[in-house]
Amino acid sequence: APDTLSYLESASLMSGTLESLSGLGDDGSSIGSDSEINGLAVRRTDKYGFLGGSQYSESCEKETRVEVARQREVKWLDMFHHWDKWIKHRFQKVKLRCRKGIPSSLRAKAWQLLSNSQELLEANPGRFEELEREPGEAKWLDIIEKDLHRQFPFHEMFAARGGHGQQDLFRILKAYTVYRPDEGYCQAQAPVAAVLLMHMPAEQAFWCLVQICEKFLPGYYSAGLEAIQLDGEIFFSLLRRTCPMAYRHLKKFKIDPILYMTEWFMCIFSRTLPWACVLRVWDMFFCEGVKIVFRVGLVLLRQMLGSVEKLREVQGMYETMERLRNISPDSIKEDLLVQEIVALPVTEALIERECSVQVRKWRESRGELTHQPGRRLHGTRAIYEYKRRAAAISSGGSFSFLGSSVPPPGPLRSSSSLLSLPGFRKSKAAAGQRAPAPQSPLIRTAAAPLSPAPKIVSEQITPTIPSPTANNAPLPPLPDPKKDAGAPAAAAEEAREGEEKRRRKMEPRLRKSRPR
């Protein structure tokens, strides 16, 4: 405990916030449990567990009425009991409730369901303990140990050196390096894991971190940071659409996005915004995906550099960078920030379209990407549909996309584009070996005698999954050879009749024109 106090004092002196730690008010904030138990000088925390620092929340913040909070909790509990139905049929309502803010008492459960990490946890019992028992790579363990004390040093959970918070954080980060040795450890993962640990036990936080790294932000924490550089170019292009004034200012001073948005995106704003805003952003991020991260960054730039008055305060590159790296907590209002995020017209389709453009430019100027990250899934609904499609394909049955049922492919209901793929033919053949089915008379077996090639006739195939690159129109019927044989004679006869009609029309005119 004395260690804890001396560490807090040294950290506060370095950050110039000793007053914020020693002179916290007596109005409504909870008392730090460690300080009470050890009988030391009382250090009061805010409702989020912060002892001080820039993310400490004053008690004057707007509080939700108890009746409203209880109503929201009841609604969320009802959603938990019928989660798949809500995601499939009433996702817009789920999104609206996430934008209003998830009740703090249910946030851990909601984040796990929204990210689908709970299913990973249930599908891998004991896996986290196995990863913990692995020795791990020494170079990663050394870097992780050095980073532990830097993660939210003013939060009561991580304030003590070697305390339970730092121990759990080490367990999670080490387990991830064993789970994904190709990625190893990236320093930006530590604050993300720490935020998760503030809300849930270590094992649950680990699987939630896995989903963030693999589904929400794939490639962000890989060596080379190519994914974040690519998203920086996408972000700058979107800035030109949403706030041309800020775009021109940054372009004028040659301030690349990678200089200011790396920490924003990789840490999901956990070290940038006031803590109440961080939680609201994370609620929406887990529901709607990376577009929320893009929107938050665009809103912040518009607030800081989006007017002539704001630009007068930052006349050069140094002043601009200072403004972007040290956002004043007093300038960010929670409700106003959420309103602007929701109203900004940046969609998944726009991000993906811009991503295609930037990938093409990257290949033209730098060559192929070194690391090919997995497909980015835009939030809960995309993860849910991806999971259902994967389950349907693995079971060999049909699947539905966004609630619309699609019948299973059959001999007369198959996509022409799928039939042209050799892999599809092999899979169908393999399926036939596993479960023999009665063969069609048109299919020739090895035992059947060779016969002349039959005429190919149209079976009026109706594609079940339209392909943008395939000709999905039904095949036209073959022409009848008997009819084709008389086609030239009929055409000649029709030409003779036409010539006779024209001659009859012209005959009266010729008679009138003759001289008498």
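User: Hi! Which residues do ring pairs link into a cluster here?
Analyst: Hello! In this predicted model, Phe-235, Tyr-260, Trp-264, Phe-265, Phe-269 and Phe-294 are joined into a cluster by ring pairs.

User: Let's pick Phe-269. Where does Phe-269 lie?
Analyst: Phe-269 is in the loop between helix H16 (261-266) and H17. Its relative accessibility is 0%, so Phe-269 counts as buried.

User: And what about the phi of Phe-269?
Analyst: Phe-269 has a positive phi of about 65°, although it is not a glycine. For background, most residues other than glycine have a negative phi.

User: Which other non-glycine residue has a positive phi of about 65°?
Analyst: Asn-116 has one, and it is not a glycine either. Asn-116 sits in the loop between helix H7 (107-115) and helix H8 (117-123).

User: Is Asn-116 buried or exposed?
Analyst: Buried: the relative accessible area of Asn-116 is 17%, and the cut-off for buried is under 20%.

User: Back to rings. How many aromatic pairs does the count come to?
Analyst: The count comes to 25 aromatic pairs. One of them is Phe-216 with Phe-286: the ring centres are 5.8 Å apart and the planes are at 80°, so this pair is edge-to-face.

User: Which helices do Phe-216 and Phe-286 lie in?
Analyst: Phe-216 belongs to helix H13 (residues 202-216) and Phe-286 to helix H17 (residues 275-288), so the pair ties together parts that are 70 residues apart in sequence. Phe-216 is buried at 0% relative accessibility, and Phe-286 is likewise buried at 0%.

User: Nice. Can we zoom out? How many helices and strands does the chain have?
Analyst: There are 27 helices and 0 strands. Of the 516 residues in the chain, 42% count as buried. The accessible surface of the chain is about 29400 Å², with 55% of it belonging to carbon and sulfur atoms.

User: What share of the contacts with a separation of 6 or more comes from residues 24 or more positions apart?
Analyst: That share is 71%.

User: Okay, switching to charges. How many salt bridges does the structure hold?
Analyst: It holds 24 salt bridges. Among them, Arg-360 and Glu-364 meet through their side chains at 4.0 Å, N to O.

User: Where do Arg-360 and Glu-364 lie?
Analyst: Both are in helix H22 (residues 348-366), 4 residues apart, which is about one turn of the helix. Arg-360 is partly exposed at 45% relative accessibility, while Glu-364 is exposed at 62%.

User: Which residue does Arg-363 meet in a salt bridge?
Analyst: Arg-363 pairs with Glu-368, at 3.3 Å from N to O. Arg-363 has a relative accessible area of 43%, so it is partly exposed, and Glu-368 counts as exposed at 54%.

User: Then which salt bridge does Glu-385 form?
Analyst: The side chain of Glu-385 meets that of Arg-381 at 3.6 Å, N to O. They are 4 residues apart in helix H23 (residues 379-395), so about one helical turn separates them.

User: Are Glu-385 and Arg-381 buried or exposed?
Analyst: Glu-385 is buried, with a relative accessible area of 3%. Arg-381 is buried as well, at 18%.

User: Which residues are linked in a network of salt bridges?
Analyst: Arg-99, Glu-288, Lys-291 and Glu-348 are linked in one.

User: What does Arg-366 lie over?
Analyst: Arg-366 lies over the face of Trp-362, 3.9 Å from the ring centre.

User: One more arginine, then. What is Arg-127 in contact with, leaving aside neighbours within four places in sequence?
Analyst: Arg-127 is in contact with Tyr-179 and Trp-207. Tyr-179 is 52 residues away from Arg-127 along the chain, and their C-alpha atoms are separated by 9.6 Å. Arg-127 is found in helix H9 (residues 127-133) and counts as partly exposed at 29% relative accessibility.

User: Last topic, the surface. Which residues form a nonpolar patch?
Analyst: Ile-258, Leu-259 and Met-317 form one, with about 230 Å² of accessible area together. Met-317 is in helix H20 (residues 317-325), and its 39% relative accessibility makes Met-317 partly exposed.

User: Great, thanks!

Methods. Residues numbered from 1 in each chain as written. Heavy atoms only, no water. Helix = DSSP H or I, 4+ residues; strand = E, 2+ residues; numbered from the N terminus. Buried < 20%, exposed > 50% of the residue type's maximum accessible area, 1.4 Å probe, protein only. Contact = heavy atoms within 4.5 Å. Patch = residues over 30% accessible without salt bridge, like charges linked within 9 Å, V, L, I, M, F, W, Y side chains within 5 Å. Areas by Shrake-Rupley, 256 points an atom, 1.4 Å probe, with all protein chains shown as cover. Phe/Tyr/Trp six-rings, centres within 6.5 Å; stacked < 30°, edge-to-face > 60°. Lys NZ or Arg CZ within 6 Å of the ring centre and 35° of its normal.
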